[in-house]
Amino acid sequence: MRKRKLCVLGAALAGMLMLGGCGKEEPTEYLTVFNYGEYMDPDVIDRFTEETGIGIKYEEALTPEELYAKYISGAIDYDLVCSADYMIQRLIEEGEAQKVDFASMEYADNIGDRFWEFSQAFDPDNEYALPYFYGTIGILYDTTKVDAPIDSWGVLFDGSYKNDIIMQNSQRDTFMITLKYLGHSLNTSDEGELREAQELLIRQKPDVQAYLVDEARDEVVAGNAAMAVVYSGEAYLGHEYNEDLAYVVPKEGSNVWIDSWIVTKHCKNPEAAAKFLDFLCREDVAEQNFEYIYYSTPNQAVVENMDEELRNDPAITPTEEDLAKCEVCTQTDPEITKLYNELWKELKAD
Amino acid sequence: MKRKYLATPYIIWVIGFTLLPLITIGVSAFTGDDGAFTWDGVLAIAEPINRQALLFSLAIAFGCTMICILLAYPAALFLKSFRFKRKGFTIFLLVLPMWMNFILRILAWQMILSKNGILNFILGRFGAAPLAVSNTWISLMIGMVYDFLPYMILPIFNAISDIDEDLIEAARDLGAGSGAVFCKVIFPLSVPGMLSGIVMVFVPAMTSFVIADILGGGKLQLIGNIIEQEFMKSMNWHLGAGLSISLMILVLIGLAFTMRGDMEERGTALW
Amino acid sequence: MVRLKNAFMKCYLALILLFLYAPIFVLVVLSFNDSRSRVTWGGFTLRWYGELFSNRQILEALRTTLLLGLGSAAAATVIGTLGAVGIQAMRRRGYQIVMSLTNIPILNADIVTGIALMLWFVRLMPLGFGSVLAAHITFNIPYVILSVMPKLKSLNLSIYEAARDLGAGSVYAFFHIVLPQIGSGILAGFFMALTMSMDDFVITYFTKGAGVNTLSTMIYGEIRKGIKPEMYALSTLLFAVIFVILLVFNALSGRGKNTDDVIERSR
């Protein structure tokens with residue numbers, strides 16, 4: 001009897017295994033790519049392999065820190081890495097990146113000049129980093145739950161929306177906006193200013209409903225909270241699901257972030273890596289990627305082809321006015337990073 | 001061939017994949033950034049923030065274990081008293097939810113408990129006041145109890161159903177009421193199961209961090225969260241390793257105490 | 001009175017099951033939701049089930065997950081069962097040492113086990129499917145041993161000794177005397193291991209090679225932008241398949257003799 005049971009079970013499990021068991025041709029060359037989760041249309045990867053015969057081993061991470069931890073352990077030799085500006089800067093500074101000849105690429109020109117300029121904040125000669133997506137940090141809020149349109153970070157701190165606020169569960173983002181609210185640079189290395197920000201955050205903590213990562217958007221969409229600190233791209237998606245939502249980059253200024261690609265020093269096939277980066281810049285590919293992710297794209301060819309509504313949405317295309325008051329984060333001093341960790345831990349423990 | 005040599009592959013495996021990696025982590029715990037020996041990593045658990053998180057974890061893990069026992073014991077008892085012909089089926093029913101991904105299940109709890117969530121919607125239909133449990137220690141506790149409850153029910157149920165019916169009959173024949181049968185026969189014989197359950201619930205509860213992140217709204221700091229932060233965010237692996245090693249030692253001491261120094265006596269199987 | 005008591009007990013068990021299955025219901029409902037956001041209801045649809053089967057990434061992750069789960073559970077069951085039988089024959093000192101080692105993966109936070117294994121594998125071999133498999137076997141073995149050990153303890157060893165005295169080899173004696181008596185423990189250990197392997201995320205994340213994805217690591221990557229509805233559909237399907245297997249299983253064993261009873265009586 002038992003044998004029969006096992007047979008049934010075995011057959012069922014074997015059936016499930018068959019499900020995914022379709023063979024396909026194996027490429028001979030491979031690139032190992034490390035990116036954020038859900039930050040590239042899987043179809044784009046397949047297209048690249050089809051067109052060039054180069055296979056992609058694709059890895060995902062949730063945060064820049066986590067990506068760095070896994071990268072630096074040396075467990076896997078990544079060829080290409082995409083991460084946040086400050087993490088890219090750190091990798092460049094630690095000599096993990098290799099130079100890429102962007103001038104010889106066919107489609108690198110599609111990236112707007114101003115984004116190369118933004119990049120110079122952490123890659124002064126534009127030798128290493130290729131801008132991928134960018135955006136701002138701001139407040140996504142439910143217009144039916146606030147008395148007047150929001151224009152300042154102050155609403156987060158003045159106690160008027162108790163238990164209705166969602167903050168980012170990321171020390172950099174949370175500290176950056178607080179520093180901006182206090183009128184400091186978000187790249188400050190002044191311990192006093194950082195402690196001042198921490199004090200404000202500790203005072204704010206009882207009003208905060210939760211510190212979340214990207215589920216923040218869902219909480220506002222569902223009406224569980226009146227407002228959340230989010231990346232601009234998330235705001236666009238939030239608006240898609242709930243028309244009452246609005247996004248603002250507060251007047252005190254904010255952070256403009258640029259997620260960029262670098263080719264690592266481990267890459268033994270820089271030509272293939274350059275091909276991949278060039279491929280990502282190609283108009284049709286960049287457009288497909290944009291339509292999958294809906295974050296602001298630095299690819300001018302894509303921007304020009306966008307329909308009017310998208311191009312004028314401040315969550316998709318930050319306005320000149322917004323960008324003018326935003327700073328790029330370039331703070332990678334190990335001592336300050338350590339202080340950030342310490343302050344964040346204290347805030348969470350309070 | 002002696003019987004004990006059957007364990008050879010296992011011993012090799014344990015040395016290769018448990019002991020040696022543990023030593024790697026141990027080395028990391030006792031060294032600093034400069035590679036020199038230091039006690040800092042393992043002693044860091046005594047620092048105020050870490051100590052506070054440790055105590056909070058202890059309280060949560062203890063509470064979670066207690067609630068699990070209180071919920072699981074009657075459940076195991078009732079399951080037994082129905083004398084289901086097919087013990088396997090009952091057990092399967094308890095394990096089956098684990099086949100849905102853990103993160104998905106915890107996210108589902110977030111949706112159930114949130115302010116405009118499913119629970120409050122149902123309560124609203126009955127005219128009851130909404131509960132404000134989301135992102136508090138209560139929702140954290142609900143998530144923990146949810147996650148660990150099967151690990152408590154199973155061993156208790158196993159211990160109870162292993163009790164010889166003749167023993168209970170005999171007690172009855174000798175004039176014991178159902179209260180006395182429970183106190184003198186069933187309960188003492190179920191203790192090993194309960195001990196297994198306590199280990200299976202308390203220990204993982206001490207080190208968990210995902211539930212606190214999702215259901216605690218990132219506002220509650222368990223020692224697991226701190227270890228996670230040291231490894232994944234602060235990239236301070238020495239400290240992370242040190243904290244884990246000292247946490248492991250503390251848990252071991254605690255267990256030895258609970259088991260009266262007799263780890264091997266924890267009898268009952270999970271299944 | 002008895003009926004009232006019965007009703008109360010049934011209610012209690014129903015509530016416990018409701019508690020355990022509540023999130024499952026939510027996920028099943030989400031798999032029919034015609035909206036990419038989990039917090040808005042866009043009407044009933046079956047399209048995620050359709051899209052699921054054209055999503056190569058998910059199907060491949062499913063395959064890896066199942067291969068990993070079955071492979072590691074099988075290996076852990078063999079190594080663990082032999083191990084348990086051997087450990088039990090050890091003297092007190094050796095027994096205690098080995099059993100404490102066995103408990104380490106359970107005692108340690110997953111993240112510590114994961115990073116320890118990663119650091120270790122970096123020295124041993126390139127990360128790939130093999131390294132995750134080894135990691136899964138490692139954390140699965142304790143569950144097998146913990147399931148088999150109690151059965152061994154209640155095992156009537158004198159039969160084994162008698163068989164040996166009568167000239168049976170240890171292998172023969174193991175397969176014919178010991179194995180049948182601890183069968184249910186082994187099966188339980190196998191399923192426990194399979195369940196653990198399917199559900200693990202942290203250790204897999206650190207020990208997997210580039211391009212090796214399981215359902216757990218995929219879901220983790222999706223948290224950032226919201227879980228894809230296809231994932232709910234897959235979870236629902238997986239759940240339904242297991243449930244049906246369980247029912248068939250149950251119906252079969254119901255018609256025949258009860259396996260558990262056989263094991264029970266053979267003690």
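Visitor: In which sense do strand 1 and strand 2 of chain A pair?

Guide: The model is a predicted one, in which local features need pLDDT of at least 70, side-chain atom pairs count only at pLDDT 80 or more, and totals for chains, interfaces and linings use all residues. Residues are numbered from 1 along each chain as its sequence is written, while chains are lettered from A and ligands numbered from 1 in the order in which they are written. Helices (H or I, at least four residues) and strands (E, at least two) are DSSP runs numbered from the N terminus, and two strands pair if DSSP finds at least two bridges between them. Strand 1 (residues 29-36) and strand 2 (residues 54-61) of chain A are joined by eight bridges, and the sense is parallel.

Visitor: Which element gives the largest share of the side of domain 1 of chain A that touches domain 2 of chain A?

Guide: By an automatic or database domain assignment, chain A is divided into domain 1 (30-134 + 257-320) and domain 2 (136-255 + 327-349). Their centres, taken over C-alpha atoms, are separated by 26 Å. The contact (C-beta atoms, placed from the backbone, within 7 Å) takes 20 residues from domain 1 and 15 residues from domain 2 of chain A. On the domain 1 side, two or more residues come from each of strand 10 (254-264) and helix 4 (85-93) of chain A, and the largest share, five residues, is that of helix 4 of chain A.

Visitor: Why is Ile202(A) classed as partly exposed?

Guide: Ile202(A) lies in helix 8 (residues 191-204) of chain A, and beyond residues up to four places away in sequence it touches Leu347(A) and Asp350(A). A residue is buried if 20 or more other C-beta atoms, placed from the backbone, lie within 10 Å of its own, exposed if 12 or fewer, and partly exposed in between. Ile202(A) is partly exposed because the number of other C-beta atoms within 10 Å is 14.

Visitor: What percentage of the residues of chain B count as buried?

Guide: Chain B has twelve helices and zero strands. Its C-alpha atoms fill a box of roughly 70 × 70 × 30 Å along the principal axes. Of the 271 residues of chain B, the buried part is 50%.

Visitor: How many nonpolar residues has the side of chain C that touches chain B?

Guide: Chain C also consists of twelve helices and zero strands, and 73 residues of chain C meet 69 residues of chain B. Helix 1 of chain C gives the largest share of the chain C side, 13 residues. Nonpolar here means Ala, Val, Leu, Ile, Met, Phe, Trp, Tyr, Cys and Pro; Asp, Glu, Lys and Arg count as charged, and the others, Gly among them, as polar. Beside 17 polar and four charged residues, the nonpolar count on this side is 52.

Notes. Contact = placed C-beta atoms within 7 Å.
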